[in-house]
Amino acid sequence: MPRVFVIALSATAALGATAVPTAVAAPARGTARGTCSQAYLPLPDPACQPGAVNPDVTQETIGSTICVAGWTRTVRPPVAYTNALKVRQIAEYGYADTNPADYEEDHLIPLELGGAPRDPRNLWPEPRYDAGGGTAADKDEVENALRKKVCAGLMPLAAARTIMAVDWRRGRSAARKSIIEPIIDDIAYH
């Protein structure tokens, strides 16, 4: 199994008192129904998916990894792997809707920012429907905006990863307004 680094962040330190509780080290993975909480939606349960990064992607290697067009295709896990994981995790979240087509098996730290491709701590069944303030498509918008900032040298990779791991919704409004810097300062540097 490839090496990965788990992102364990104090959301209250990064976002203030209104944030998601502190992420913890990844728990032992089970298949028990409802072992992950839906209370964090549209974010994953940080005890189940705290995020993990690909150690081959660093600030020093972005020019030969994430900033190369098509690079994510070289590390994206096969659909057979993600579909099987999605079915298992839908049960772990205890979703009433168990149709896999209604979920995207998404990377909390996206591949576009060097997220761990196959680590279950970084993959979760994100609802395609609005689940308390956002959809999978909304998250994708933020991922793309942050990758552009990182590759343009306007933001450190670590800051972009922190935004995604802690609460990508804070970056969404900034990406839409093209004024992401105040949000970056608020989340990543405090």
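Biologist: How many salt bridges does a search of the whole structure find?

Modeller: Side chains of opposite charge can pair when their charged atoms come close. Here the search finds six salt bridges, each a side-chain nitrogen of Lys or Arg within 4 Å of a carboxyl oxygen of Asp or Glu. This is a predicted model, where local features need pLDDT of at least 70, side-chain atom pairs count only at pLDDT 80 or more, and totals for chains, interfaces and linings use all residues. Residues are numbered from 1 along each chain as its sequence is written, and side-chain values use heavy atoms, with hydrogens and water left out.

Biologist: Which parts does the salt bridge of Glu104 with Arg128 tie together?

Modeller: The closest N and O atoms of Glu104 and Arg128 are 3.8 Å apart. Glu104 sits in strand E3 (residues 103-107) and Arg128 in the loop between strand E4 (123-127) and H4, so the pair links parts 24 residues apart in sequence. Helices (H or I, at least four residues) and strands (E, at least two) are DSSP runs, numbered from the N terminus.

Biologist: Is Glu104 buried or exposed?

Modeller: Glu104 is buried, at 17% relative accessible area, while Arg128 is partly exposed at 45%. Buried means under 20% relative accessible area, exposed over 50%, and partly exposed in between (1.4 Å probe, protein chains only).

Biologist: And what about a salt bridge inside a helix?

Modeller: An α-helix has 3.6 residues a turn, so residues three or four places apart point the same way. Glu92 and Arg88 are four residues apart in helix H3 (residues 79-93), about one helical turn, and their side chains meet in a salt bridge (3.2 Å, N to O).
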